[in-house]
Amino acid sequence: MNYTKLFLRSLFGGLLFGSFLGLCFWTIFKSFVVGMLIWLAFGGTFGLFMATFNVVTTKWLTKKLTKKYSNYEWMRPHHEREITLSIPYEKAFELCLDVVKSLSRCKVQEVNKTIGRITAIRLSKFLSWRHTNQITIDLKRINENETLVKISSKKMYQCLSNVDFGENLENVEEISSRLKAKFKKDLID
């Protein structure tokens, strides 16, 4: 990961925020000097704070998640998994819908049984600045007793940040593990 690039992006974002404040104060006080001072004071301070915070948390999480996953797979902004369930399509669809509804901070957006798609949004955790992840589950009938389930998770707004702190990977793994556990439980019952 290029921490210099991340730092400069965050600093630039802070300076943009400061220029907005400077423009507001320039129009209020009708003074270019006051606007420039506000821009430098607030934009520079906010930019430095945000840039430092982003780099420190990204380094910390990179170290933590690389230990957990032993590679850099978690850094990709879009994750997918495919699972084959040995149950009919209708039952698999209901199972997937139940799993998505049981996730915390998750809201189902679209349910289309005819094309086999469940779309939901899930708010991220605090460290990724409450970005929204889009979870899509596509189901495809293989035969009467087998269904292919494709789970994908990605950030809804890629332009806001290039780091998701492994949340999309966690979404996909959590859904796939819950599906497998619920499938095994239904087989026993």
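Modeller: Buried means under 20% relative accessible area. This is a predicted model. Y89 and F93 are both buried.

Biologist: Where do Y89 and F93 lie?

Modeller: Both are in helix α3, 4 residues apart, about one turn of the helix. Other buried residues of α3 include A92, L95 and V99.

Biologist: How many aromatic pairs does the structure hold?

Modeller: It holds 2 aromatic pairs. F49 and F53 form a stacked one.

Biologist: Why is the pair of F49 and F53 called stacked?

Modeller: Ring centres must lie within 6.5 Å to pair, and planes under 30 degrees apart count as stacked. F49 and F53 are 6.2 Å apart, centre to centre, with 20° between the planes. The pair is therefore stacked.

Biologist: What separates F49 and F53 along helix α2?

Modeller: About one helical turn, because they are 4 residues apart in α2, residues 32-69.

Biologist: Why is F49 called exposed?

Modeller: Exposed means over 50%. F49 has a relative accessible area of 51%, so F49 is exposed. F53 is at 24%, so F53 counts as partly exposed.

Biologist: What makes the pair of Y89 and F93 tilted?

Modeller: Their planes are 35° apart, and their centres 6.3 Å. Stacked needs under 30 degrees and edge-to-face over 60, so this pair counts as tilted.

Biologist: How do you know that K59 lies over the face of Y3?

Modeller: The charge must be within 6 Å of the ring centre and within 35 degrees of the ring normal. K59 is at 5.2 Å from the ring centre of Y3, over its face.

Biologist: Why is R122 called buried?

Modeller: The relative accessible area of R122 is 4%, under the 20% cut-off, so R122 is buried. R122 is in strand β3, residues 117-123.

Biologist: Which polar contacts does the side chain of R122 make?

Modeller: Polar contacts need N or O atoms within 3.5 Å. The side chain of R122 reaches the backbone oxygen of S104 at 2.9 Å. A polar contact of 3.1 Å joins the side chains of R122 and E174. R122 is also in contact with residues including R105 and H131.

How values were computed: Residues are numbered from 1 along each chain as its sequence is written. This is a predicted model: local features need pLDDT of at least 70, side-chain atom pairs count only at pLDDT 80 or more; totals for chains, interfaces and linings use all residues. Side-chain values use heavy atoms; hydrogens and water are left out. Buried means under 20% relative accessible area, exposed over 50%, partly exposed in between (1.4 Å probe, protein chains only). Helices (H or I, at least four residues) and strands (E, at least two) are DSSP runs, numbered from the N terminus. Rings of Phe, Tyr and Trp (its six-membered ring) pair if their centres lie within 6.5 Å; planes under 30 degrees apart count as stacked, over 60 as edge-to-face and the rest as tilted. A polar contact is a pair of N or O atoms within 3.5 Å; within protein, one must be able to donate a hydrogen and the other to accept it, and residues adjacent in sequence count only if both atoms are side-chain atoms. Contact means heavy atoms within 4.5 Å. Lists of a residue's contacts leave out its neighbours within four places in sequence.
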